[in-house]
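Morning, everyone. I have one model to show, and I'll keep it quick.

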Amino acid sequence: MSRMMASSMGVQGVAAPRLSAAGPDAPVPSADEKKILGTPITTIKKIAPLGIMFFCILFNYTILRDTKDVLVVTAPGSGAEIIPFLKTWVNLPAAIGFAALYATLSNFLTTQQLFYTCLVPFVVFFGSFAYVLYPLRDVLHPTEFCINLLDQAGERFAGPIAILRNWTFCLFYVMAELWGSVVVSVLFWGFANQITTVNEAEQFYPLFGLGANVALIFSGRAVRYFSE
């Protein structure tokens, strides 16, 4: 939550001196346009879908964040000690690799193409995990090989071997971590900054933070409902 608010506040801090500035695709409301509660119709048509998008993104992120820890920590041959290995040797290189790929693709693709190019792999992976990877986990995980490897290497290599043993769960962990970094911090805020003016950002970005808290409440109840 603090990261998302910091992102929005950072954007305002940079752009605040030029209150008339706007994103390249941001339509500026006219002075005589019809208003609802003092807000132009054009602005409402932008902010309402943005709020719904932000709610859905954070709803999914909260569920992914809760699920990834449970999968990794409770996996056979694994435990809480695997998380530092995941964050250092798997998640960090994946984040650096995405940053390099994003910078490269941004030179060739339009903003819309870049948005969908980055979003679609997440949808494909989480869909395949639910219907293919997780149901076939006993077949895909090299359990016997990793048990023999652990006997030969010793307990000091238990963390890396546990990552190999439960590689589908670890891949889910990394993708869930990247969802927060990529979809929330990069894709959503980049899209929002492009289509909103600075005045609109100053007025409505704090409300997105309120929507984030509502998404956390609903996602928590959803997790509890489906876990029962």
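This is a predicted model: local features need pLDDT of at least 70, side-chain atom pairs count only at pLDDT 80 or more; totals for chains, interfaces and linings use all residues.

Numbering starts from 1 along each chain as its sequence is written, and side-chain values use heavy atoms, without hydrogens or water.

Start with helix α3, residues 82–105, and helix α8, residues 167–195. They pack at about 45 degrees, with axes 10 Å apart. Which residues in α3 and α8 meet? From α3, I82, L86, V90 and F98 are among them; from α8, Y173, L178 and V186 are included. The residues of this contact divide into 15 nonpolar, 1 polar and 2 charged.

Now E177, in helix α8. Buried or exposed? E177 is buried, at a relative accessible area of 16% (buried is under 20%, exposed over 50%, partly exposed in between, with a 1.4 Å probe and protein chains only). Beyond its neighbours within four places in sequence, E177 contacts K68, K87 and N91 (heavy atoms within 4.5 Å).

Next, rings. The structure holds 22 aromatic pairs (ring centres within 6.5 Å; planes under 30 degrees apart are stacked, over 60 edge-to-face, the rest tilted). F115 and F191 have ring centres 6.0 Å apart and planes at 50 degrees, so this pair is tilted. F115 sits in helix α4 and F191 in helix α8, so the pair ties together parts 76 residues apart in sequence. F115 is buried, at 16%; F191 is partly exposed, at 28%.

Definitions and conventions. Axes are lines fitted to C-alpha atoms, for helices over the stretch in contact, and angles run from 0 to 180 degrees between N-to-C directions. Helices (H or I, at least four residues) and strands (E, at least two) are DSSP runs, numbered from the N terminus. Ala, Val, Leu, Ile, Met, Phe, Trp, Tyr, Cys and Pro count as nonpolar, Asp, Glu, Lys and Arg as charged, and the others, Gly among them, as polar.
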